[in-house]
Amino acid sequence: MTGDLESKIKISKGVYILEFFLSLETFIDNKNFSNYKLPNGWYYYFGSAQKNLFSRISRHIAKYKRKHWHIDYISSNKNFSINRVYIFENAIKKYECFLTRLFEKKLKLTHILKRFGNGDCENKCLSHMLYSKEQITKESIFNLTNELKKINIIYIEQNNFFHFR
Ligand SMILES: [Zn+2]
């Protein structure tokens, strides 16, 4: 991703996937989920921003924030690190659910916290965050979503997160 990232993202809306790595078993301090010990591994969160996508991603990347959404309890947790962000440019909101289902079915990923992050879901997803013991390669993500040719996928590696600070 080159230096024009900021101008590219600034004008965009769409659906995104946040890829997190958790290095050791962790509890999060949200009262609804505090009884679950989360296993180390990879976490994929599916979200949508139909405006201000850039500032939304910035917010997710920021470690210190006022916790509002479920995902804030992951993104601000010291044991979780955000590794990569995938953006599905201009994808409409329901695509968030579509992607969750696609990943769940095709990659056999699990909803580790039921009802996590899907407060405004209209499609009865169990949650909007999936867990995988192994990292899902970007090649398999591209392959999986290949049928959606009209949607441009941008991915942002950790070393480009400074654009969002
Ligand atoms: Zn959903």
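Two residues are in contact if their C-beta atoms, placed from the backbone, lie within 7 Å of each other. The legends below use this meaning throughout. The model is predicted, and for that reason local features need a pLDDT of at least 70 and side-chain atom pairs count only at pLDDT 80 or more, while totals for chains, interfaces and linings use all residues. Residues are numbered from 1 along each chain as its sequence is written.

**View 1. The surroundings of Y45.**
Leaving aside its neighbours within four places in sequence, Y45 is in contact with I17, L18, I71, G117, H128 and M129. Y45 also belongs to the largest nonpolar core, a set of 33 residues in which Y16, I17, Y44 and Y45 have the most contacts. Such a core is a set of buried Ala, Val, Leu, Ile, Met, Phe, Trp, Tyr and Cys residues joined through C-beta atoms within 7 Å. A residue is buried if 20 or more other C-beta atoms lie within 10 Å of its own, exposed if 12 or fewer do, and partly exposed in between, with the C-beta atoms placed from the backbone. In soluble globular proteins, nonpolar side chains tend to be buried together.

Helices (H or I, at least four residues) and strands (E, at least two) are DSSP runs, numbered from the N terminus; the chain has five helices and five strands. The most is given by β3, with six residues.

**View 2. Strand β3 and its partners.**
Strand β3 is mostly covered, since seven of its ten residues are buried. Two strands pair if DSSP finds at least two bridges between them. Nine bridges join β3 to β1, and the two run antiparallel; Y16 stands opposite I87 in β3. Strand β5 (residues 153-157) also pairs with β3 in the antiparallel sense, over five bridges, and I153 in β5 is the bridge partner of F88.

**View 3. The buried side of helix α4.**
The 14 residues of α4 should span 20 Å at 1.5 Å a residue, and the end C-alpha atoms are 20 Å apart, which agrees; the expected span is 1.5 Å times one less than the number of residues. In α4, the residues E96, L99, T100 and F103 are buried. They lie on the same side of α4 because they cover an arc of only 100 degrees around the axis, where the arc is that of the directions from the helix axis to the C-beta atoms. The buried residues of α4 pack against β1, β2 and β4, whereas the face turned away from the buried side carries the exposed residues K105 and K106. Just after α4, K108 takes a positive phi of about 55 degrees.

N52 lies in the loop between β2 and α2, and it is partly exposed because 13 other C-beta atoms lie within 10 Å. The C-alpha atoms of N52 and G14 are separated by 9.4 Å, although these residues are 38 apart along the chain. K63 is found in the loop between α2 and α3, and K63 counts as exposed because it has 11 C-beta neighbours inside 10 Å. Between the C-alpha atoms of K63 and S76, 13 residues apart along the chain, the separation is 4.6 Å.
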